[in-house]
Amino acid sequence: MIKKFIITGMLCLIATSVNAQRKSLGINLQSKEDTTVSPIVKEKVEEYASKINDIIQEEKKLMENELSSLQAKNVDKAEFDKQKAQIADNYSEKIDARIETLGFDLDQVIQKQVRYSLLNSDITSNEELKAELLKKFRPTKNLEGYFSYGIMTLTNDQPDNDLDKNLGYANNLEFGLKFNYQFSRTSPWGLISGLGFSWRTVRPDNNMVFAKQNSEVILSKYEGGLDKSKLRTGYLMVPFGFQYNFSKIKNAGMDVQYRPYSDGLRMGANVYGGVRMSTNNIIKGDSQSLRDRSNYQVNPFVYGAQFTVSYDNISVFVKKDFSNFFKDSYFENDKALVVGIALGW
């Protein structure tokens, strides 16, 4: 009986709290609040609490009448206190007995709340439960945002051009959306694709800057103090590949099994292709400041392959271009190699 009162009280407090939050927080959080306590559970608990209150009030009134009759007999205080305690015990037992006859099934109510917390739905049969589980634990198909940063170098079998000799720090900054498609509810394999925006920045060293000479792109020595020199190119990128998830198959009940696809340890491999959006040559020094968005012969198309190791929302990747960083014969055979880290959300 004590256990029933404690758990019933807890459920009543939860229901009251939800109702208060609904009034104070407004309509924007309505859907979130409604998933806290099952409407059926809340209704049953409130109905049960109302019946208990009616019983208590009825017995309390009868007890007060009996105490008034006892007080009218003008018995001494010691005898009055003794009979008063006996009357209180009698009515306490009567209240317990009447509450027992209500037949409140605590285990059933708790089971309903557990199911509701899992599925956000009141279900009445095993068939409905299995249907809801199959619906909840479907194969993963989602879009997730990502942000990545990588250190870039330009590889060349025979590094002998001016850029190879004067390459400073280079990096690749990227963000976008990643599409995950799990092949089945329990499959470790899935398809990955998406859309990203990539900015590749090359910074020459040794006081060199990118310049044009008779419409040709060269590296030129900057006379004076040089604060900044970088060639930044933006690409619109599309990856396509596959991912393997090492997480174990889990049992959701009712013979429904599933494998978490976007969590745990994963490995992926993909190819990618991109189209150039813009190029910006940025120079800042003692004698001039320049931002030139004209053609610096950066390749208008890029393609390559990437290998990724992920754990939860953190990924480490290596990507290698198969296309040259510059087109035609400019800084010939230089291809980007990027090593970096990505965060997903």
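Predicted model: local features only at pLDDT ≥ 70, side-chain atom pairs only at ≥ 80, totals over all residues.
Trainee: Why does Asn206 count as partly exposed?
Mentor: Because its relative accessibility is 38%.

Trainee: Where does Asn206 sit?
Mentor: Asn206 is in the loop between β3 (189-204) and β4 (208-213).

Trainee: And what is phi of Asn206 near?
Mentor: Phi of Asn206 is near 60°. That is a positive value, and the residue is not a glycine.

Trainee: Which loop holds Gln297?
Mentor: Gln297 belongs to the loop between β10 (289-292) and β11 (301-311). Gln297 also has a positive phi, about 60°, without being a glycine.

Trainee: Is Gln297 buried or exposed?
Mentor: Buried, because its relative accessibility is 11%.

Trainee: Another glutamine, then. Where does Gln158 lie?
Mentor: Gln158 lies in the loop between β1 and α7 (162-166). Gln158 counts as exposed because its relative accessible area is 60%.

Trainee: How many residues along the chain separate Gln158 and Glu332, and what about their C-alpha atoms?
Mentor: Gln158 and Glu332 are 174 residues apart along the chain. Their C-alpha atoms are separated by 9.8 Å.

Trainee: Now the whole protein. What share of its contacts is between residues 24 or more positions apart?
Mentor: Such pairs make up 69% of the contacts with a separation of 6 or more.

Trainee: How many helices and strands are there?
Mentor: The secondary structure comes to 7 helices and 13 strands. The protein has 345 residues, and 37% of them count as buried.

Trainee: Which residues form the nonpolar patch on the surface?
Mentor: The patch is formed by Phe147, Tyr149, Ile151, Tyr169, Leu173, Phe175 and Trp345. Together they have about 700 Å² of accessible area.

Trainee: Which strands each supply at least two residues of the patch?
Mentor: β1 (141-155) and β2 (167-182) each do.

Trainee: Take Leu173. Which strand is it in?
Mentor: Leu173 lies in strand β2. Leu173 counts as partly exposed, because its relative accessibility is 31%. A patch residue needs over 30% relative accessible area, and Leu173 is at 31%.

Technical notes:
Residues numbered from 1 in each chain as written. Heavy atoms only, no water. Patch = residues over 30% accessible without salt bridge, like charges linked within 9 Å, V, L, I, M, F, W, Y side chains within 5 Å. Areas by Shrake-Rupley, 256 points an atom, 1.4 Å probe, with all protein chains shown as cover. Salt bridge = Lys/Arg side-chain N within 4 Å of Asp/Glu carboxyl O. Helix = DSSP H or I, 4+ residues; strand = E, 2+ residues; numbered from the N terminus. Buried < 20%, exposed > 50% of the residue type's maximum accessible area, 1.4 Å probe, protein only. Contact = heavy atoms within 4.5 Å.
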